[in-house]
Amino acid sequence: MDQPFHLTLNGQPHTVTTDPQRPLLQVLREDLKVTGPKPGCGEGQCGACTVLIDGKRQHSCILPIKDAAGKAITTLEGLSAGGQLHPVQEAFLAEGAMQCGFCTSGMIVSTVALLKEVPKPTDTEILSWMNPHICRCCGYPRILKAVHRAVSEAKR
Amino acid sequence: MNTNATNEKIPVAPAEETVDGVEFDFAMDRRRFVQVLGAGLVIAVGGGSAWAQDRGGRGGRGGSPSAVAARIHLANDGTITVLTGKIEMGQGARTELAQAAAEELRVAVGQVQMVMGDTSLVPDDGVTAGSRTTPATVPAVRQGAAAARNLLLDLAARKWNVERNTLEVRDGRITHTASQRTLTYADLARSGEAAEVFKQSVPNDVTLTAVEKWRVMGTSVPRPNRRDLVTGVHKYPSDHTRPGMLYGKVLRAPSYGAKLLSVDLSPAQAMTGVVVVRDGAFVGVAASTTFVAEQALRAVAETAKWESAPHPSSREIFDYLRQGVRGGVPKNPHSEELAQAARKLQATYHVAYVQHAPMETRVALAEWNEGKLTVWTGTQAPFGYHSELVRTFSLPNENVRVIVPDFGGGFGGKHTAEAAIEAARLAQAAGKPVLLRWTREEEFTWAYFRPAAVIDAEASLDASGKLTSWHFININSGGAAVDTPYRAGKASSRFIGSNPPLRQGSYRTLAATANNFARECFMDELAAAAGADPLDFRLAHLENARLRAVLEEAARRFNWRERVKQKQPNTGVGLACGTEKGSYVAGCVEIAINRTQDQISVRRVCEVFECGAVVNPDNLLAQVQGCIIMGLGPALREEMRFADGKMRNAVFSTYPVPRFADVPELDIHLLNRPDLPSAGGGETPIIAIAPAIANAVFHATGRRIRSMPIRLQTGQDA
């Protein structure tokens, strides 16, 4: 049975009327036309669908819309403001940290969450934070360099 | 590449892309086919020929289209657009082809726009596969661009009544220094003169810029649309929408080979806004959301009755493939050498079925408009998809358009059009555009696989430790790199087909990974039998200077000769080399063994790669890194497990691909050879990693593991 859900997406209020069990990822992509978060696995294993919910990273592919209701959701699209890229986006650009790029949205959003939650992460903490993300092009070395760059810029 | 003069000439299957397709037998289309035959044959054939001629012929392999205009477009503001049938899926074709055009047109790379993989606009440059973009399409684009530049220079020369060779061109500005006259490309575009001369054919003898004069090629140009990737602006095929679009789902068999006996569509048909299609064996649904489409599909699936078919399990796959060889496996013909040998060795190697598992699964958005079909999809073969759609729906060529936005990975896995055909069939029934995106489980189960391999190797050595004969048979997986690059006395190497139980197709370097794994492991075994160091043994049998160069450089950088002598507990080193698709690779690895957990971890990889003149060092390095790390998966863990016709590990949680934590210390050296033609670099770097690891396991433990994945435990979990 469809129900209305209120949420804030990238700073804008939205109301969607839909089935409470529908995954947030589908609502974002199909109803709200926000396609930064990608469908990769549907089981919370690859991280391509990662979004921030009240600042914490979540797999939007396995999160029912009812559990996102009333919360503030940030996707890749919400990171840059007025043509100004987020420092993490800049770091990924500077390191050329993408091949096909399908994982990039999740990688960037997760790095933003890392900077918020672990202000001065060690190398080991960075590795284990990023490990839930899959890049099938296996561009891991450059992604890792981008994350390190973002971390050291954030420290400054 | 085979430098062995005594090698027997045994025909092998071509190392071309051989991919098992899926036949769609739509009843409706048989009827329409008859109608087309009856009424429209002449039009269809006529239209088809003209359509094909415009784009350089069907099945193009990177050859130039005839007219300059088919390759290069010049806008009134001077913007240059390059048209190519190649696609971008992460290996850098977009960047390299933009560099190629910018180089010859003498403009900055930012002035070049790329239109890729749109079958209504671009020439057929063949499949984006087989590392062919660099050696075939880069030259084709350079020829077109150089021809365009010459035509523009000729226009200026005629205007000013001077010789072409007195003109200079830079950043799209043509200058006659003596008379201080200038013209821009934009001037010639606005006057209409450029468009007129671009109707001319690309001459075959157009001179390309010499490597030593490269300004754009040979440099690390970043991906042109990189900003769109980090902002989410780029629309992948999965992200495209059309007004009124529905989301599709297709009913899959519960097991391989199962036949649909009956299905009741009415529960799904009763759902609001749901379109249900049955056409022969094809059953699918479409709805306004994926969620509703999934519910409709479940309603259909619950009513479906199936008849299952016998299917072998992955536990018995290697016996099954051996038994499937028609006429039996050929015997070793070198009986004389074997009889006289000081030592002889025989071994069999196994390579498991694996999946490409690109981040973006197969997806297609299909839209019909007045009998014309447009499909947005991710494919390495836009023109191949076009042909499949034309054939399946009995349409004239010009009524099908395939558009390929930069998509989320292929690795040889996206050559067949099934998702596009399914989406088109659903859209046809719905009368609305339909987006069909395969789930991860569908991708793991129904996409074609990298073939499993059984490889028999046998060789003989004389008293001095020299190879006197070599016999190498690849069963089922393919002929790529099946020939040995080593001097091996009498040598016979070949691929023979079997009766595979799964759909098979290409994967990064096709069978070269399997063949190189077996060969390089076997060379290591032979070295041990001959009492020789693995490096010395290879070099003693290797004439090819390019392969020797990468091997020696990798060994030097890794400090092989010292490291191989050091015996550290639970640590091993191994090396391997190989050549395929005109490029050369050698790798040394250091591994650590965790005996309590029977685990192998790769600590360090030193790889040297050479593919002629490097077009884009930064992109090449990314490809080599990606190949090595991707190669760790099938080397150590990846393996499709199946039984009773069902895939047992069709999700990432049970099919463990490489992750951040698996990345070893990487020391990669690109050996640039500006004196040699550029070859592709997105595939061959993968072939050294697995055998080097297996050889390191021997160094650490004294055990030979003759299978991929390389596991210390025997047997597989099911």
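Biologist: Is the crossing where helix 2 of chain A passes helix 5 of chain A left-handed or right-handed?

Modeller: Happy to start there! In this predicted model, helix 2 of chain A makes a right-handed crossing with helix 5 of chain A.

Biologist: Which residues of helix 2 of chain A meet helix 5 of chain A?

Modeller: They are A:Pro87, A:Val88, A:Ala91, A:Phe92, A:Ala94 and A:Glu95. Among their partners in helix 5 of chain A are A:Arg142, A:Lys145 and A:Ala146. By class, this contact has eight nonpolar, no polar and five charged residues.

Biologist: Thanks! Now the domains: where does the assignment place them in chain A?

Modeller: Domain 1 is 3-78 and domain 2 is 87-155. The C-alpha centres of these two domains of chain A lie 21 Å apart. Their contact takes 14 residues from domain 1 and 13 residues from domain 2 of chain A.

Biologist: Which element gives the largest share of the side of domain 1 of chain A that touches domain 2?

Modeller: Strand 3 of chain A, with three residues. Strand 3 (50-53) and strand 4 (56-59) of chain A are the elements giving two or more residues to that side. By class, that side of domain 1 has seven nonpolar, four polar and three charged residues.

Technical notes: Residues are numbered from 1 along each chain as its sequence is written. Chains are lettered from A and ligands numbered from 1 in the order in which they are written. This is a predicted model: local features need pLDDT of at least 70, side-chain atom pairs count only at pLDDT 80 or more; totals for chains, interfaces and linings use all residues. Domain bounds come from an automatic or database domain assignment. Two residues are in contact if their C-beta atoms, placed from the backbone, lie within 7 Å. Helices (H or I, at least four residues) and strands (E, at least two) are DSSP runs, numbered from the N terminus. Ala, Val, Leu, Ile, Met, Phe, Trp, Tyr, Cys and Pro count as nonpolar, Asp, Glu, Lys and Arg as charged, and the others, Gly among them, as polar. A crossing is left-handed if the near helix is turned anticlockwise from the far one by less than a right angle, and right-handed if clockwise.
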